[in-house]
Amino acid sequence: MERKNRLVFTRSNAAAKRKFDEAITILEYSVMLVELFELEEFNNIIAGQLRLILCETKNTRIKREKVTIDQSLIKKINPNPRLYPIKDSIQMSNVITEELFDYTKQRIELKIWRNQIIYKTDIEGKIQEIKIIDFIKETANKIGGSQAESSFPNKSIISDGHTKIMLRGIAKGLFKSIGRDYKKHASMNLSHIMEKIEQSALGD
């Protein structure tokens, strides 16, 4: 039986596991700094880390055939990671909330998870739907200053305010899916920062 809220590591790879843990820690600190200190610049870091962990790909050629290789960190430590699915209410409407995922349901395969609809809106009478993978990549490219061609039908399809809420929601869904207690780690991270500030003050 699958353990609840636990991502099982089935392959021993110390270097990849270390990189994954570092990326998760950076993501936790970034979410905390946005939430507690309103340091909006760290949304850039959140988007970049989500892409690195969940959606990193590389295009190459194998025997003259174009091939896309999945280089997501989560795949490097677990060949078949599973994450909690999007709530039905999110898929059926344009509800904007941090509570994006349904933690009462079974977790699903990464490929299926990435292709879920995370946002739906009406533009000039046409329904436009955005998948998780497209949202993460597009957002990481946009706020990272990438000149990559936009895959969105309209560059302003999602407001900046909604984008920030959705980034935090995806990050928190990831934490839950791998059995990571965000609130506990945020408290520990904050305590660590305060301790360093106090040590610095005493040193002066």
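Strand β5 (residues 117-123) is largely enclosed by the rest of the structure, because 6 of its 7 residues are buried, where buried means under 20% relative accessible area, exposed over 50% and partly exposed in between (1.4 Å probe, protein chains only). The model is predicted, with local features requiring pLDDT of at least 70 and side-chain atom pairs counted only at pLDDT 80 or more, whereas totals for chains, interfaces and linings use all residues. Residues are numbered from 1 along each chain as its sequence is written, and side-chain values use heavy atoms, with hydrogens and water left out.

The protein contains 8 helices and 6 strands, taken as DSSP runs of H or I with at least four residues and of E with at least two, respectively, and numbered from the N terminus. Strand β5 runs antiparallel to strand β6 (residues 126-131), to which 6 bridges join it; two strands pair if DSSP finds at least two bridges between them. Within this pairing, D122 has I127 of β6 as its bridge partner, and the two strands form a hairpin with 2 residues between them, where E124 in the turn has a positive phi of about 55°.

The structure holds 12 salt bridges, each defined as a side-chain nitrogen of Lys or Arg within 4 Å of a carboxyl oxygen of Asp or Glu. One of them links the side chains of K120 and E129 at 3.5 Å, N to O; K120 counts as buried at 17% relative accessibility, while E129 is partly exposed at 46%. Salt bridges with shared partners also join E35, E98, R168 and K172 into one network.
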